[in-house]
Amino acid sequence: QVALLESGGGLVQPGGSLMLSCSGSGFTFSKYDMRWYRQAPGKERELVGYINKSANLTHYTDSVKGRFTISRDNAKNTLYLQMNSLKPEDTATYFCNTWRTSAGLTSEFWGQGTQVIVSS
């Protein structure tokens, strides 16, 4: 059974840094591309960024480019999101995500999320 568990959220001041982790289990982590999403209060969930299974391709939404870095350690089945120069608008619950497609059907898998609050 696929399970994703995020950790590392918390309260940080504007301009600060935080690293989130996402531990995967129940699947062969190294064979799956991964994504980070976030959802701010009262807003829709948005894609933060993506990393392919080999960790040689990443993509970020414009609002976090140059500040956030996605990485992964396939030996540890762990995905990371390094967040620097944090802004109040980065306040959200952050989720890791993966998906698989079988027989034409796509299944999405989500963690429970970890909350990040950027405030002075």
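A: Leaving aside neighbours within four places in sequence, Glu6 is in contact (heavy atoms within 4.5 Å) with Ser21, Cys22, Trp36, Tyr94, Phe95, Cys96, Gly111, Gln112, Gly113 and Thr114. This is a predicted model, in which local features need pLDDT of at least 70, side-chain atom pairs count only at pLDDT 80 or more, and totals for chains, interfaces and linings use all residues. Residues are numbered from 1 along each chain as its sequence is written, and side-chain values use heavy atoms, with hydrogens and water left out.

Glu6 belongs to strand β1, residues 3-7; strands (E, at least two residues) are DSSP runs numbered from the N terminus. Glu6 is buried but has no salt bridge. Buried means under 20% relative accessible area, exposed over 50%, and partly exposed in between, with a 1.4 Å probe and protein chains only. A salt bridge is a side-chain nitrogen of Lys or Arg within 4 Å of a carboxyl oxygen of Asp or Glu. The nearest side chain of opposite charge to Glu6 is Arg45, 7.5 Å away; Lys and Arg count as positive and Asp and Glu as negative, while His and the chain ends are not counted.

The side chain of Glu6 instead reaches backbone nitrogens: that of Gln112 at 3.0 Å and that of Gly113 at 2.8 Å.

Salt bridges do occur elsewhere, and the count comes to five. Among them, Glu46 pairs with Arg38, with the closest N and O atoms 2.6 Å apart. Glu46 is partly exposed at 32% relative accessible area, whereas Arg38 is buried at 6%.

How values were computed:
Helices (H or I, at least four residues) and strands (E, at least two) are DSSP runs, numbered from the N terminus. A polar contact is a pair of N or O atoms within 3.5 Å; within protein, one must be able to donate a hydrogen and the other to accept it, and residues adjacent in sequence count only if both atoms are side-chain atoms.
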